[in-house]
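Take a moment with the sequence and the model. The paragraphs that follow walk through charges, contacts and backbone details in turn.

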Amino acid sequence: QEKSPRLSAALFGEDCEISHDQLYELLKYAALGKRHNAAQPSWCRISHQSHLAGVVVIVLHEMSQLHFYKFYLQFKHLRRVFRHRFILTPSTNFFTSLYGEGANLKPQNTAQDLTSTGSECIPKNSDLQCDPIIRKYGIKPQGLTSYILTLEEQRKNDYPIKGSPGCKGYIYTECDQQRTDSSPLFGLDCEMCLTAKGNEVTRVSLVDAQGQCLLDELVKPESRVMNYLTRFSGVTKKMLLPVKTRLSDIQTRLKEMLPHDAVLVGHSLNADLQALEMIHPSVIDTSLLFARNEGRRFKLKFLAKAVLGKEIQCEQKLGHDPAEDARAALELAQFFIEQGPAKVAELNLEMLLTTEKLAEDSQNKAALQPQGCRVQKQLNEPPHLSKPCFLDCLQVTGQKPVLLGRQGLDSSDLCQSNLSTSNKQILQRALEDVPLSTFSIIQFSLGPEYIASHLLALCEQVRSKLADMLTVYAGPFEEGFCLHSVKKEFGRCGPIQSLAVVTETYKPYVCIQYEVLEAAQLAVESLNGAEVAGSCIKVQRPVTAAMLDCDDLIKELELDVENEGVIYVAGLKKSLTERDLQEEFSQLKDLETLFLPKDLQSGKHRNCCFLKFQESQSAADALEIINGWTVKGRKLRSRNALASGHLWRWIWQMNHSNGKQGGHILYEKMEQLSDSEQDLRKKVKKLDHHIKKLYRSLQNNTLCVVLFPGVNSRHGAQPGLGLMAVKDDGGRSA
């Protein structure tokens, strides 16, 4: 039976903002697999990519996340099918960022026309024999055991070896089982500081073959620290002050975690094992695996970029991330084993390194030149193609991409602009052409009469409605009531942004604005009719024209496929950490992920969390258990999630952004928008229907990505939104 491709992504809570480079990474791998240097994306995973029937990208021109939630009820198909969603930062050149630069999509295109992956960069077979990788390993792919360092290689490269005089007191992992080509790989990396004793470990990371982090711990050195090497390690004195974990604790944990046939992978792994004072018999060292002449070695940062297309050890970060480095080394070894020495040699890493150094030298020289000289030089030089267009690679293999749209998809005639083409005509053409292609980009639009000029008014409408949905009115209370008691009781439903007494009424009421939708809804559901501060009160939301469909919106948010199996829990102590909560909720069946929101400005935790379960029934069972449950002396309240993923972050940003706009101009725009809104709702509903029809026509196992590109214009800026799914047998998402 054929394995079905599946899409998995940890887009939960704060880990939901994706850059265009990351999106490019996904589309390139989905389209090419492991050909042409494509690699599994870093932020999500496509299992069994080779079984994908195709990739379809639907772009909704000049629309943003704002549009999705303004017309949430109209986008019925999108919210019920696409489980994986992410925030997308706006781009000035959207399509170039989507599939790369230097596109040349013409029928006569050949391998000689390619830029970064062109034939001039690929050595001929006769030249491969001289490559140090081929000389060391031969041309044919081999199993992982062929790349494990021999005892002599370990001795030569200063690896700790059992019985060696210099390894007295070192801990042996006792992983003595015979290695096979199916033995498990584990990536290992450490960060060190300089102490009176020498190099000592300050942080250790271990990842498994799927890239999951199994261990990421700070370690307190035994000796006095002379230099924390923060520039490289990222570890500071302040970070290590509360740490109690010692090297012996890490040695014990590693020994317990590693199976008896484990193969450790790392870059110059000898230094890590020496610092850990541990001996392990089977290692793959990527600094030696990607062999060079004269004993030189490639840096891990270069290999990650050249082979995997990943940027690691970025200058913007303070120090290295050992989990990131361990994962990069592991993926490099996996690439080498799966692709074989010949494919690695064809990358011509020496030439790529030389090109990179020349580019760096050129940039350094340019920085020293007067600005006028620099501008003149840039006019004479061809532009740097940082992301090659992977659509060219498809054409070379005889797979012609389909590019259909109402607007020009690119300035280089990838798709001719034709403003008279309707969404219906584009859909009809797509239904004919998409089944014949393995990669398609289809662009729909609401039309030139409705573009970014309405953005300010639309933004104000949505912000106003969100504020109303986050607000509840409670009362009536008696004169002289205790406001602190009210705040305490309503605070058990979730984080409060503001609280004010309303005195315009006969008896006082309290207006409470929450930070999350679930808190406001929980207050309405659990405190309406309750006795608070000595009064039996009513709890209700504001009554406005925009709020008349609030109940429908709440109901649909609950049914949203993104919130399936997710519950909201409130009433927590703010001092609780994620680890504390993991322990408290460990008895809940099928708990997959825990997200503890924090203020995006102060970084402080809120008094609520979201729990994601593998099964919807497990989430329902957890709701019954948690309601009324006491944790650290606090009674908990919970309900189904409404905004657990990217929406939580977006609501926070909308709620904390400046709502003041330009007076009468905004009023006029809102009047215009109000006049055409009924027509607009119909258009959006029809657009959703077009996407539904196209989605249903796709073959099973097709990856479908819907993109609201975001808006970045003189009228304002709004982030985009991405939705993705792999279609399965029932037209559902996988």
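Is lysine 632 buried, partly exposed or exposed? Lysine 632 is partly exposed, because its relative accessible area is 49%. Buried means under 20% relative accessible area, exposed means over 50%, and partly exposed lies in between, with a 1.4 Å probe and protein chains only. Lysine 632 sits in the loop between strand E25 (630–631) and strand E26 (634–635). Helices (H or I, at least four residues) and strands (E, at least two) are DSSP runs, numbered from the N terminus.

A word on the model itself. It is predicted: local features need pLDDT of at least 70, side-chain atom pairs count only at pLDDT 80 or more, and totals for chains, interfaces and linings use all residues. Residues are numbered from 1 along each chain as its sequence is written, and side-chain values use heavy atoms, with hydrogens and water left out.

Together with Lys488, Lys573 and Arg634, Lys632 forms a patch of positive charge on the surface. Patches are made of residues with over 30% relative accessible area and no salt bridge; like charges are joined within 9 Å, and nonpolar side chains (Val, Leu, Ile, Met, Phe, Trp, Tyr) within 5 Å. Lys and Arg count as positive, Asp and Glu as negative, while His and the chain ends are not counted. The place of a charge is taken as NZ of Lys, CZ of Arg, CG of Asp or CD of Glu. Accessible areas come from the Shrake-Rupley method with a 1.4 Å probe, and for residues only the protein chains shown count as cover.

Now turn to the salt bridges. A salt bridge is a side-chain nitrogen of Lys or Arg within 4 Å of a carboxyl oxygen of Asp or Glu. The whole structure holds 25 of them. One of these pairs arginine 83 with glutamate 564, with the closest N and O atoms 3.3 Å apart. This pair links distant parts of the chain, 481 residues apart. Arginine 83 is in the loop between helix H3 (76–81) and strand E5 (84–88). Glutamate 564 is in the loop between helix H23 (550–559) and strand E22 (566–570). Arginine 83 is partly exposed, at 31% relative accessibility. Glutamate 564 is partly exposed too, at 38%.

A second bridge joins aspartate 549 and lysine 465, whose closest N and O atoms are 2.7 Å apart. Here the partners are 84 residues apart. Aspartate 549 lies in the loop between strand E21 (538–540) and H23, and lysine 465 in helix H20 (residues 455–469). Aspartate 549 counts as partly exposed, because its relative accessibility is 24%.

Another bridge connects glutamate 489 to arginine 637, with 2.6 Å between the closest N and O atoms. Glutamate 489 belongs to helix H21 (residues 483–491) and arginine 637 to strand E27 (residues 637–640), so the pair ties together parts that are 148 residues apart in sequence. Glutamate 489 is partly exposed, at 22% relative accessible area. Arginine 637 is buried, at 11%.

A polar atom of the aspartate 688 side chain does lie 3.3 Å from the backbone nitrogen of leucine 78. A polar contact is a pair of N or O atoms within 3.5 Å; within protein, one must be able to donate a hydrogen and the other to accept it, and residues adjacent in sequence count only if both atoms are side-chain atoms.

Finally, the backbone. Glycine 475 and proline 476 are joined by a cis peptide bond, with omega about 0°. Proline 476 is in the loop between strand E16 (471–475) and H21. Histidine 48 is not a glycine, yet has a positive phi of about 55°. Histidine 48 lies in the loop between E3 and strand E4 (54–61), and is partly exposed at 35% relative accessible area. Glutamate 62 also has a positive phi, near 55°. Its place is the loop between E4 and helix H2 (65–70).
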